[in-house]
Amino acid sequence: MIWGIFKRDMCHATRNVIAVIVSMGLVVVPALYAWFNIAASWDPYGNTKALKVAVANNDKGYKSDLIPVRVNVGETIISTLHANDQLDWQFVKSDKAIDGVKSGEYYAAIVIPKGFSADMMTLFSPDIKHAQLKYYLNEKINPIAPHITDQGATTVVNTIDKTFAKTIAQVGLDLASSILHYSQSPQMAEYMRNLNGNLTTMADTLSGASQQVTSYSQLLGSANDIVDSTGKLLASATKAGKQAQNALKQGKSGATSFTSAGANVTSSVNTALDQVSGAFDQVAAKVDKAFDAIGKDSDTAASQLTTLSEQVSSSESLYDTYITSLNHMHESVEQLPDSDSAKQALLEAIDREITLLEAAKGDSQKLAQQLKDASTQVTQDTAAAERSRKEILNRITSAKQSISNVRDDYATNVKPKIDALASTVSTLISQTDSMITQLSGTADDLDDVTGDVGTNVTSIRSTLGTIAKKLDSSAATVKELITKLETGGNAGDGNSDGGDGDNDADSGESDELRALATANASTLSTLISAPVALHRVSVYPIANYGSAMAPFYTILSIWVGAIILCAMLKVTISDREKAHVLGLGDTLPRIAGPSGPGNASRWGLRLDHEYFGRYAIFALLALLQGTLVCLGDMYFLGVQANHALQFLAVGWLAALVFSNIVYTLTVSFGDIGKAVAVVLLVMQVAGSGGTFPIETLPKFFQMLYPFLPFPHAIDAMHAAMAGSYDNEYLLDMVYLALFLIPSLLLGLVLRKPVIRLNNWVSRNLESTKVM
C-alpha cells in the first residue's frame, strides 16, 4: 500500500513540465538559500578594507632634556596606518572626522589630541597621565561594523604601545652606547679625577656637619638646665602672686568695711544732730515757760532752769562721741597712699568738721552755764532775769546754727569725699586683683611651656644624635664610593697582571655593558617593546569564516526546505487516490464514510499506510535537498569538509528528521502545524548556538538548547568538517535521530484522537472563504 501511494505520487509529480520544474525548484531553493548566506559571509573580517575610518592627528609632539629627541607619536601612528590595509583609513581634520561619523560617511573616527606625546612622556615624571585617543563611533549604521572598527582601534592602540616602547628602548640603548664611548675618552678621566676630589670634599663636609650637630646637641643640653631654673623661678613668682592676691582680698574686705563704716557714721551723725537740734527746741520752749513763771513761782522757775542746764550739759557727750569717730576716721585716711588725690582733701574736710563740732560743743557749754546762772538770778533780780532770758534764747539759736553748720558741712564736704575714696580704693583693689590673677595664669602657662620645652629639648637632642649618626654613615658611604671609583678606574685602564678578583668582576661587567651597547639597537628595542609573542595553535582548525558558518546555514536551509515541501505538496490523500491504490476504481464506495484519514481502513488502507505512503515523496525530495546543499557547500563554495561522507550523512539525517517533523505537524494539525514549524524555526535560530556560543545566550535558551534538533545537527556537521573528539560525531547523530521518536509517535498514535477535531477546524477555516 505504501509503495502504491508513492508510485502514484511520483507519476503525478513528473506528469508534465510544470510539475517537473516545480519539483526541481523544491530541491534547489533550500540550497540557494544556504549558498547565498554562506558566500555572503565567507570572509567578512577579511573584507574590511572598504570600511571607512577617519583619523585626525592634532599631536604637537614633545622634546625634553631627558630624551634629546623630538617625539611625535601622532606622526608615527599616521605613518603606520598608511601601511595598514585592515580598514579604509581616511586622514582628515578633526572637525571633518567627527562630522563624518555623525553623517554616516565614516563608520568611526580616531582623533589624536594635541598633548598626546606629552602625556605619554609623563612616564618619566612623578605625575603620570594616561595618554588618551578620542574614538568616535556610529553604532546605528550596522550592528557588526562597530565591533570591526573596535578591533581596528585596538590595533592602533597596540601599535602605539609597541612603537612607544621601541622608541624609548632605542633611545636608551643609544644613550648607553654614547656613554660607554664617552667613558673611555680622556675628558672622562679628567672628570673622574674632579669627581673624586669633590666626593672627598663632600665626605669631609659631612663629617664636619656631624661634629657640629653633636656640639649643638650638647648646647641644647645646657639650655635645658636654664629652662629648668626658669621654671622654678616662675613657680616662686606664682606663689608670691597668690600671697599678694590673698592680701588684696583682705584689703578689699577692709575697703568694704570702710565704706560701710562711713555710711554708719553718716547715719549716726545725722541722727545725733537731729536729736540735739530737737532738744534745743525743747529747751527754748521750757526756758520761755520757766521765765514766764518768774514772779509767780520763782523757786519752780529756778528749779526748771537748773534742770535744763543739766540736760544741756549731758548732750556734750554726743559731741565727744562724734569727735572721737572723726578722729578715728582721720587716722584711717592717713594710712592710705599719698599718691591718692582724694586723701588730703578728705583729711582737711575731717579737720574742719572737728573744728565745727568743738565750736558747737562750746556753744552748748555756754548755754548750760547761762541756764545755771539764770536759775540763781530769777530769785534775786527780775530785770536781770529778763536779760538772761534773751541771752539764753540767743544762745540756743546760736547753738542750733552751729549744729546746722556741722550737718551741712558733713553732707557737703565730708561724706562725698568718703564715698569717692571708698570707690577709688575698691576699684584699685579689683584692678590689682585682676592683674595678679593674670600674672598667676601667665606664670602657670609659662610653667607648662618650660615643661614642654624641657621635653622637646630632650626629643631634639635624640633627633640630633640620630642625624649625627646618619651624617657619619653618609660620609662613610661617600668614602666607599670614592674607593670603588678609584678601583673601577684602575680596572678600566688596562689588563694588568696585578688585578685581583674584584677587578676581574668589574672588568667582566664592563665587557657585558660594552657588548650590550654595541649590539643592534633596533633589534633589541623591538624585543623590549614586544617581549612576548603569541603563537596561536589551532585545535580543529577551520579554514575561514564562511566554513565556520556553513553548518548553521546548511541546517537552517534544510529545515526551510522541509517547510517549503509541506507548503507546496499535499499531506493528505484524496478518496480518489485511495480507490486507485486499492483497485476499486475512481472513487471509494459511500459506505466508506466521509472523506478523511483512515476512512479506507476496512479495505486494507490503514492510517500508517497513508502516513508513510505520502511521506515517501517528502523524504525523497528532502534527501535530494540535503544532498544538493551539502555537495554544493563542498564542491561549489569550497567549504572545508575533512570527512566528506560524514558531512553528507549529517545532511541526509537532518533532511529526514526535519522533513518528518514538519510533515507530522502538518498532517496532524493542518495549517496550524505549518505555523508551529515556522515558530520552531525561529526558536532554533536564536537558541541553536550556531552564531554565538550557547553560554552567551540568556538563561531560557541555555535551558532550551538540549531539546532542539538544530544544535545537535550543527555540532555533528562541525565534527565532520574539522574532526571529532572521541565519539562526539556519533553521539550527536544519535541525539538527532532520537527526534524521530516523538515525531512518529505524534503522526501514528497521538494523531488518531484529534483527526476529527482537525477536520472540523479545517472545514471552519475553509468556510471563511479567506483561510
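1. Let me begin with a loop residue. Tyr540 is placed in the loop between α13 (521-529) and α14. Its phi is positive, about 55°, although Tyr540 is not a glycine. With a relative accessible area of 38%, Tyr540 is partly exposed. Please keep in mind throughout that this is a predicted model.

2. Asp726 sits in the loop between α20 and α21 (728-737). Here too a residue other than glycine has a positive phi, with Asp726 near 55°. Is Asp726 buried or exposed? Its relative accessibility is 62%, so Asp726 counts as exposed, the cut-off being over 50%.

3. How do α14 and α20 cross? The axes of α14 (residues 545-568) and α20 (residues 709-722) come within 9 Å, with a crossing angle of roughly 135°. The two helices are therefore oblique to each other. As for the hand of this crossing, α14 and α20 make a right-handed one.

4. On the α14 side, the contact is made by Ser547, Ala548, Pro551, Phe552, Thr554, Ile555, Leu556 and Trp559. On the α20 side, Pro709, Phe710, Ala713, Ile714, Met717, His718 and Met721 take part. Sorted by class, the contact of α14 with α20 has 12 nonpolar and 3 polar residues, and no charged ones.

5. Elsewhere in the chain, have a look at Ser94, which lies in helix α4 (residues 94-103). Ser94 has 17% relative accessibility and so counts as buried, the cut-off being under 20%. Which residues does Ser94 contact, leaving aside its neighbours within four places in sequence? They are Ala56, Asn58 and Val111.

6. For the overall picture, the protein chain has 23 helices and 4 strands. Of its 771 residues, 37% are buried. Contacts between residues at least 6 apart in sequence join residues at least 24 apart in 78% of cases.

7. Last, a word on confidence. The mean pLDDT of the protein chain is 76, and 66% of its residues reach 70 or more. Over residues 494-499, pLDDT stays under 50. For that stretch, residues 494-499, the model has 1 contact beyond four places in sequence.

Methods:
Residues are numbered from 1 along each chain as its sequence is written. This is a predicted model: local features need pLDDT of at least 70, side-chain atom pairs count only at pLDDT 80 or more; totals for chains, interfaces and linings use all residues. Side-chain values use heavy atoms; hydrogens and water are left out. Axes are lines fitted to C-alpha atoms, for helices over the stretch in contact, and angles run from 0 to 180 degrees between N-to-C directions. Angles under 35 degrees count as roughly parallel, over 145 as roughly antiparallel, 65 to 115 as roughly perpendicular and the rest as oblique. A crossing is left-handed if the near helix is turned anticlockwise from the far one by less than a right angle, and right-handed if clockwise. Contact means heavy atoms within 4.5 Å. Ala, Val, Leu, Ile, Met, Phe, Trp, Tyr, Cys and Pro count as nonpolar, Asp, Glu, Lys and Arg as charged, and the others, Gly among them, as polar. pLDDT is the predictor's confidence in each residue, from 0 to 100. Buried means under 20% relative accessible area, exposed over 50%, partly exposed in between (1.4 Å probe, protein chains only).
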